[in-house]
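Morning, everyone. Please bring the model up on your screens, and keep the sequence beside it.

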Amino acid sequence: METRFNMGWTLIRGWAVLVYIFMFLPVAVVVLLSFNASQFGNFPMTGFSFRWFVELAGNEAILRAFRTSIILGLLTALISTTLGVLASLALVRYRVPGANAISTLLIAPILVPEVVLAVALLLFLNFLGVNKSFGLLLAGHVIFTLPFVILVVQARLVSIKRDVEEAAMSLGASPVQTFFQITLPLMMPAVLAGALFAFTISFDDITGTLFWKPGGVETVPTQIFAMLRNSISPEINALGTVMIVMTVGLPLLGAVIARAMARKSGT
Amino acid sequence: MSVEKREARQPWILLSPALTAVTLLLFVPLLFILVYSFWLRTATGADVAGFYLDNWQEALTDPFYRDILISTLRIAAITTVACAVMGYPSAYFIARSQGNKAVLLLLLMLPFWISYIIRTMSWINILGVSGALNSALMALGIISEPIQMLYNEVTVILGLVHFLLPFMILNIFVSLDGIDTNLENAANSLGATKWQAFLQVTLPLSLPGLAAGGLLCFVLGAGTYITPLVLGGPRDAMFANLVFEAIITQLNWPLGSALSLMLLAVLGALVMIYNRYLGMAQLMKGLG
Amino acid sequence: MTKKMDNTTRYERARERYMNGDLDRRSFLGLIGAAGLAYGVSTPFAKYAHAATTDQVRFDGWGGVVSEAFRKHAFDPYTGKTGIKVVDGTFGGGDEYLSRVKASQPGEYNIAHLSGVFDYARYHALGLSSELNEANIPNLEYVIPKLVDVFRGVSGGKLSCVPYDYGTTGLAYNRKYISDDEMQEKGAKILIDEAHKGKIAGWSDWRTRMWYAALQTGQNPNEISDEDAAWDAVRTHRDLSLKYWGSGAELMSLLAEEEIYATEAWSGRIYALQEQGHDIGYMDPPNGFGWQECLFVMKGSPMEACEELLNFMLAPETSIAVAEGQNYPTALDPTKVDLGDKIPTLPAFDPTGTLSGLTFADPDFWNGHEAAWSKTFGRVQKGY
């Protein structure tokens, strides 16, 4: 290709690399500190040690919280993405009276400060006489991850041309067939992005979780929050490192799958 | 006729689960908050039921709340612009790169595996007087005394950008990825330069994603309270901090309710504007 | 011994009820209430939902080392003896916890590790206090009498809690930059000393701010008469401060990383820093802020089960383990109980068990000003 393009591309790539470095700075710090011998993160570091990993492996409370967070995140992603995709389809693919207003309503959960949402929901449940449960916690997480899914899926759906779907229909495909064979594959990146949003936001949520969690249920953020008064144990850094190592492995796996899928669909 | 009727019913079937969830778990509870905003908190801490306008009067007329609301919107706007400037080229890079896009996107979400509080506090290890940046600069001999970088509005915005940038990038990426690259090529073959093709074809088509990302960044930025608590100085509070303090610290739920409804109204108005805009973008696409 | 039998049989009965379909009724209610939304997923976790039945006692406290110590030394042995499960919850702060209690159903929360006598008074004023049968808590006799009496005074002779630990909010300073002599000379005024501008911090808590403002303006913290002078001192401190901290973790990192040289600080946190070799000094100025924490039993809790658990938690072994974990001395009287090697070295520790050197907040005075002062501080803090 011509050099002008390459220069522009080089600039863009350089910029993206800088952005990635910015995003990774805190990650790097946390990973480094998980090997730090002392408890506080003064630079330059004073010693190297695996002790926080050893302590983490023996800390049943943190590991249990970690499992709860993962399960909660996965369930939230599943439910929230399903609801979000259905709603986005309705809003973009059909002529719905008052679509703008409905869109706003569905995005409303992120407009309300989370503290308020948390207290409001509790007041309502008290009124009904319903006890806190894992189901309530899950429902709360679904509510405030839903807007993320809807926003990202809508934006993608808008850019998928109606013609393709209509062509499929005119060739005799049913609406359901059209959805699964044409529309869904085309909007897959948005569905996955929405699910990723939902999972990470649920995994990382603190305020709502504090209020909605039933007794005996702790997530990683609430565990950390409860440690704040006395001092956060570097075991949390070790947990972060373990997660990073795991997720660097996962994308590699994902890459293989994505490549296989791309080959099959022929794009 | 019956086909049309079915056609008209379908979207409501698709919408009903999401609408039911939002109604039950958000709007009905918000009605409680609305009712609460007309109650009064007494000095002993108990709430008096009734219809008092005191909280609303305080929330709407006191310059304290107005000032902080304005400064919150300003910080959210700066954050959004910074995210757009940093995010667009990155999203473009991911969408057009030959490498694996899924990996690049997942890498972007990696910082989220480290809990928000820890992530935010880790900036202290980076920018603090004995943090990584100051020690590096001193080791290189660029400075002799550590620079005080933390605990001001800039660090609050930095923390917010770090938190929100992935949302921006993912939204833009999803839009860009849906654009047929043949369109750009076609524009090129018609004599447009790469830059012109980008401005006239790619950028307009990716606007819905940019707008969605911008909306998310703005709204989430305006609603945070932990980042200013951890990275801000004494004066760097945002509106959600006021809500948090009213509800949690002062246990003044009536006032907290009024304040949060006020924030909700402002942000809700912005979303209405956004939705109208997105509607226009849709129309333009239909024409083109 | 009979007490044990009581609880055990009650547990059996509750379990039977649970097996016989009481659970279904609850799920059913939930089904109507949340229109089926909560049902599908809540059932497997429904056992968490009703901690108030006597097969379970709900405890809420600080996480990390504190909760580990409780689990190991009190909860597990207690469950082993009585068969009653302890459902363990955590909170990040007393205010946040109180809002959760306020939005809860009666009996949902049972025992909490609360700080301050004013917190006790607040719960009492909100009608959340219970009446303990002290005969069921034999270990209460080892507790420092002065600590118990303060609580009795608030709730008319009866107790709704047992004291658990105490500490001070004193002054911490980096000895590299501020000498012991300078501290002796300036005391609380070090926090409004122009010379350390930008290297000062403070807790973002209105009580602590006003307490220290009283000390800085030469007033008695328990009867501040010149409020304006006190608020001016709070403003001066704000303008010289780099940061208001909100948690022990932040406090320690600010000091350890030398972002700041002086702040008021929780005694136990500074001890932890000193333990790790940081050269941080700690002093309680005259009339420094003393406080105590308690294990509070909420109204509507299963009293006998809670009382027995309190007894386990007050046992010297548990008390010492928790105290060594969080570095605050236990409320047990050192003249009656051997507290081991570490506790006598903790700051604020009083070997005589009289605590005559500590000034505690007068709950009437402080709670009377709570509504107005917490709001005013909210504004002053933000530059108004």
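Start at D60(C): this residue stands opposite G89(C) in β2(C). The two strands here are β1, residues 56-61 of chain C, and β2, residues 85-90 of chain C. They run parallel, joined by six bridges. Two strands pair if DSSP finds at least two bridges between them. How does the chain get from β1(C) to β2(C)? The path goes through helix α3 of chain C, residues 65-82, and this β-α-β crossover is right-handed. Right-handed means that, with the strands pointing away from the viewer, the path from the first strand over the helix to the second runs clockwise.

Some ground rules. This is a predicted model, where local features need pLDDT of at least 70, side-chain atom pairs count only at pLDDT 80 or more, and totals for chains, interfaces and linings use all residues. Residues are numbered from 1 along each chain as its sequence is written, while chains are lettered from A and ligands numbered from 1 in the order in which they are written. Helices (H or I, at least four residues) and strands (E, at least two) are DSSP runs, numbered from the N terminus.

Stay in chain C. Look at helix α11, residues 267-275 of chain C. Is it buried or exposed? Seven of its nine residues are buried, so the helix is largely enclosed by the rest of the structure. Buried means 20 or more other C-beta atoms within 10 Å of the residue's own; exposed means 12 or fewer; partly exposed is in between; and C-beta atoms are placed from the backbone. The buried residues of α11(C) are S267(C), G268(C), R269(C), I270(C), Y271(C), A272(C) and L273(C). What covers them? The cover includes three strands of chain C, β4 (161-174), β7 (262-266) and β8 (280-283). It also includes the helices α10 (248-256) and α13 (316-326) of chain C. After α11(C) comes G277(C), with a positive phi near 95°.

Two residues other than glycine also have positive phi. One is E258(C), near 60°. E258(C) sits in the loop between α10 and β7 of chain C. With 17 other C-beta atoms within 10 Å, E258(C) is partly exposed. Another is A348(C), near 75°. A348(C) sits in the loop between α13 and β10 (359-360) of chain C. A348(C) has 25 other C-beta atoms within 10 Å, so it is buried.

Now chain A. It has 11 helices and zero strands. Its C-alpha trace spans about 70 × 65 × 30 Å along its principal axes. Of its 267 residues, 54% are buried. Take the contacts in chain A with a separation of 6 or more: 77% of them join residues 24 or more positions apart. Two residues are in contact if their C-beta atoms, placed from the backbone, lie within 7 Å.

Next, where chains meet. Between A and B, the contact takes 82 residues from chain A and 83 residues from chain B. Which helix gives the largest share of chain A's side? That is α1(A), with 16 residues. Chain A's side divides into 65 nonpolar, 13 polar and four charged residues. Here Ala, Val, Leu, Ile, Met, Phe, Trp, Tyr, Cys and Pro count as nonpolar, Asp, Glu, Lys and Arg as charged, and the others, Gly among them, as polar.

Between B and C, the contact takes 25 residues from chain B and 31 residues from chain C. On chain B's side, the largest share is four residues, from α11(B). That side has 15 nonpolar, eight polar and two charged residues.

Now the largest nonpolar core, with 298 residues. A nonpolar core is a set of buried Ala, Val, Leu, Ile, Met, Phe, Trp, Tyr and Cys residues joined through C-beta atoms within 7 Å. V152(A), V243(B) and F296(C) touch the most other members. Helix α6 of chain A, residues 134-158, gives the largest share, 18 residues. Zoom in on V243(B). Beyond four places in sequence, its contacts include P113(A), V115(A) and V116(A), and on chain B G256(B) and L259(B).

Last, confidence. pLDDT is the predictor's confidence in each residue, from 0 to 100. Chain B has a mean of 88, with 95% of its residues at 70 or more. Where in chain B is confidence lowest? In helix α12(B), residues 253-287, at a mean of 77, whereas α3(B) is highest, at 96. Over residues 282-288 of chain B, pLDDT stays under 50.
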